[in-house]
Amino acid sequence: MRLLKKILLIIAILIILILAGGWVYFNSLKPDYSGNITLFGIENETSVYFDDYGIPHIYAENQYDATTALGYVHAQDRLWQMELMRRIAPGRLSEIFGKDMLKTDQFFASLGIEETSKKSIEKLDTNSEVYKLATAYLNGVNQFIENGPTPIEFTLVGIEKEQYQLKDIYNILGYMSFSFAMAQKTDPLLSVIKDKLGDDYLKELNINYSPNTTIIKNSKSTLDNFTAMVSSVNALMEKSPVPAFIGSNSWVVSPNKTSTGKVIFANDPHIAYSQPAVWYEAHIVTPDYEMYGYHLAGVPFPLLGHNRNYAYGLTMFENDDIDFYKEENDPSDSTKYKTPNGFETYKTTTKTIKVKDAEDVTITVRNSRHGPIMNDAIETITQSEPIAMSWIYTKFDGEVLDALYTISRATEMKDVKKGASMIHAPGLNIMYGDAKGNVAWWASGKLYKHNPNVNTKFILNGASGYDDPIEYLDFSENPMAENPTWNYVYSANNQPDSIAGMLYPGYYLSEDRAKRIVQLLEPKNNWNKESMSAMINDVTSSVAPTIIKEFAKNMDYNSFSKSEQKAIDVLQLWDGSNTIDQVAPTIYNKWIYLYLKNTFEDELGEKLFDQFLATHLSKRVIADQIKKDSSIWWDNINTKNKIETRKEILSKSMVEAVAFLENQLRNDIKGWNWEKVHTLEHKHPLGNVAALKSYFNVGPFPINGAREVINNQSFDYNNTGLYKVIAGPSTRRIIDFSDIENSISILPTGQSGNPFSKHYKDQAEMYNKGEFRKMKMNEEEIKKVSTKLTISPIK
């Protein structure tokens, strides 16, 4: 008995020691939000106050000290995220995740982002403020890497920390630029539709298509390559552990339309949801500089920001900055391709991709005069007919970092405009408002013209030279508006007006959000922070009710069953709002999916139809197609001796929608609430492991909103009847220049990417409810609610 007691006592002591050791270990991984540390490269004592949401307010004697401190605190909250961000462009995710990421690495390593980064760095003036501040930021990041605790993700996947370098910053900005692009999903798809179905089908898709457009002739193998390319790029982007940039809203209202007589600025960039969330907030104060900014992981200058004098933000321009060219190999020498001046030799680059628990993989990428050959980047494309990708980002010197510095250090409106002019890619709408009463927006991006009858939404001819750009436009010809007479500026990724005597080719979204924004802004002249808060959370579609009315005009109500009539009644009484208690959004979205499926899938086939749904084009056709009485798309080509009509397709889709929902959610229509099918989960890359999911992922939650409303909660259409939100507002910001210290914001989850931080998900419930918190700028208020980390120089 005595021996048993001793054994039990030893076991108890061991358990206590293990628990105590675990407690000490996990606590050691938490970010330091208070205390004292010393850093190299700091000249004077610097104070970092972490407020009640973990946002650092950095008070320093100079910008270099402040930026070094920023690098350190950014790394302690987001080092894992920074690690993923810097790995994607050079193709280094397989080192962490193994063979699952090999195709992603092969693709991104082939795009030329690394090479563009190298050229940009070689031209960077080492005496410039951009270089000095970027170096100060890297100094802070690397001192945390050297001396701070290793984030648990590094331990779980078994990788070592590495010092951050300047090329990592440029590579991150390069990936960001590519993730905006839509051409890689759309151009090959439209080329397939053109060759498979012909002009009559294509001209009804609202893509500014003319039968006179010069189109290259394609064989079946070429069409198979185009299909494979779209499918592969879609899969790679969906599989990426780094969020893609999707769309955005922003509007800035002049003093003439506010109750306070001061500018109000609103912005909510739409980005794929992830955990941690995209933006890291930081407030910097020095004797000659103040900025409350939103930073990408690993980037020293904020992409969004405001101070007491001005505010800026961004939306995606959605212009076309990627073109695809079908090259023509020399029949006798496959190392050469045809150009207007004869045959030239492909330039080749060889890269080695390290793969976890497997042999290294070596890839060789050919480059034509247009760009990298996609056949080398994507395994599913055959080698016989090379397709080159021409991307503006790699054609010009990369100045995005310089542009962000210029914008974030502006003293006048013209400085922000100058910064916007320096961005060749990605295409962005830079939104602006200031304390003097100015409002403006500028479309950044290098725009260009082609010969007549060249349509860049198709695969172009690479050999003749006729399809090459003939002119690059000066920034002065980009879309823009400064202090317009209508007293506001806005952007919702919609088609801009031209000031260059041409349509700007692009992949613009449907008018839904833009129409609603104008509908709300135009009649009201007493805007304030509270009404702006309501507007940025608006979930009402201005287009959905008109689509229902179009259906009602063409249906035979008495031909439907009682349950189908109940569903139609719900839709006809619907105001277009998408709250979680509503039934109408559940019916509407199932019906819209089936309307698209029954209209387009018979001609496209299942695979191409799924690819079509992944483009902005599918969103644009919803409202356009339903208005067409005699469209060629209405007929189901699989039925013999019958030509289907609009009425038949729309009615069939309603019958199928109700039958599906009765099976999915049972017969009581009152129980078909939006919350049962529309949910949001913020996924961490390690949350795919079932045992880790509850520790790293945040959610799922039922969520208000829908596709293409102002509170844009984006999801894919598929046959499941579930609408799992994949992208939406990455922040909601409202800056009121009449009360700048009480401007408001929110993040989707939290400020920290460290799962042991109390700020990992402390904003999630607020975000879901459409609530806000202050972006604090008052020093006294900040100190009252904050913990203090003191950073001293090492002497």
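Analyst: What follows looks at the aromatic pairs, then at the parts around them.

This is a predicted model. Keep that in mind throughout.

Start with the rings. A pair of aromatic rings is described by the distance of the centres and the angle of the planes. The count here comes to 39 aromatic pairs. Take tyrosine 448 and tyrosine 472. Their ring centres are 5.7 Å apart. Their planes meet at 50°, so this pair is tilted. Tyrosine 448 is buried, at 8% relative accessible area. Tyrosine 472 is partly exposed, at 38%.

Now move to phenylalanine 551 and tryptophan 591. They also form a tilted aromatic pair. The distance is 5.0 Å centre to centre, with 45° between the planes. Phenylalanine 551 belongs to helix H18, residues 544–553. Tryptophan 591 belongs to helix H20, residues 584–604. These parts are 40 residues apart in sequence, so the pair ties them together. Both phenylalanine 551 and tryptophan 591 are buried.

Rings can also gather in groups. One aromatic cluster is formed by Tyr201, Tyr593, Phe600, Phe609, Phe612, Trp633, Trp674, Phe715, Tyr717 and Tyr723.

The charged end of arginine 366 sits over the ring of tyrosine 346. It is 5.1 Å from that ring's centre. Arginine 773 lies over the face of tyrosine 53, 5.8 Å from the ring centre.

Next, the nonpolar cores. The largest one has 138 residues. Within this core, Leu111, Trp279 and Trp442 touch the most other members. Which helix gives the core its largest share? Helix H2, residues 63–88, supplies 12 residues. Look at tryptophan 442, setting aside neighbours within four places in sequence. Its contacts include Met413, Val416, Leu428, Ile430, Tyr432, Phe475 and Pro479. Lys417, Asn429 and Glu482 are also among them. Another core lies apart from the largest one and has 57 residues. Among its members are Val543, Ile547, Ile592 and Trp634.

Helices H18 and H20 come up again around helix H23. They are among the elements that cover the buried residues of H23, and helix H19 (562–572) is another. H23 runs over residues 646–665. At 1.5 Å a residue, its 20 residues should span 28 Å. The end C-alpha atoms are 28 Å apart, which agrees. The buried residues of H23 include Ile649, Leu650, Ser653, Met654, Ala657, Val658 and Leu661. An α-helix has 3.6 residues a turn, so residues three or four places apart point the same way. Just after H23, arginine 666 takes a positive phi of about 75°.

Compare helix H8, residues 166–179. Its 14 residues should span 20 Å, and the end C-alpha atoms are 21 Å apart, which agrees. Is H8 largely enclosed or open? Of its 14 residues, 13 are buried, so H8 is largely enclosed by the rest of the structure.

Last, a sheet. This open sheet has 3 strands in the order S16-S10-S20, with mixed pairing. Strand S16 (387–391) and strand S20 (460–461) are the edge strands, and each pairs on one side only. Strand S10, residues 322–326, runs parallel to S20, and 2 bridges join them. Lysine 326 stands opposite asparagine 461 in S20.

Terms used:
Residues are numbered from 1 along each chain as its sequence is written. This is a predicted model: local features need pLDDT of at least 70, side-chain atom pairs count only at pLDDT 80 or more; totals for chains, interfaces and linings use all residues. Side-chain values use heavy atoms; hydrogens and water are left out. A nonpolar core is a set of buried Ala, Val, Leu, Ile, Met, Phe, Trp, Tyr and Cys residues joined through side-chain atoms within 4.5 Å. Buried means under 20% relative accessible area, exposed over 50%, partly exposed in between (1.4 Å probe, protein chains only). Helices (H or I, at least four residues) and strands (E, at least two) are DSSP runs, numbered from the N terminus. Contact means heavy atoms within 4.5 Å. Rings of Phe, Tyr and Trp (its six-membered ring) pair if their centres lie within 6.5 Å; planes under 30 degrees apart count as stacked, over 60 as edge-to-face and the rest as tilted. A charge sits over a ring if NZ of Lys or CZ of Arg is within 6 Å of the ring centre and within 35 degrees of the ring normal. The expected span of a helix is 1.5 Å times one less than its number of residues. Two strands pair if DSSP finds at least two bridges between them.
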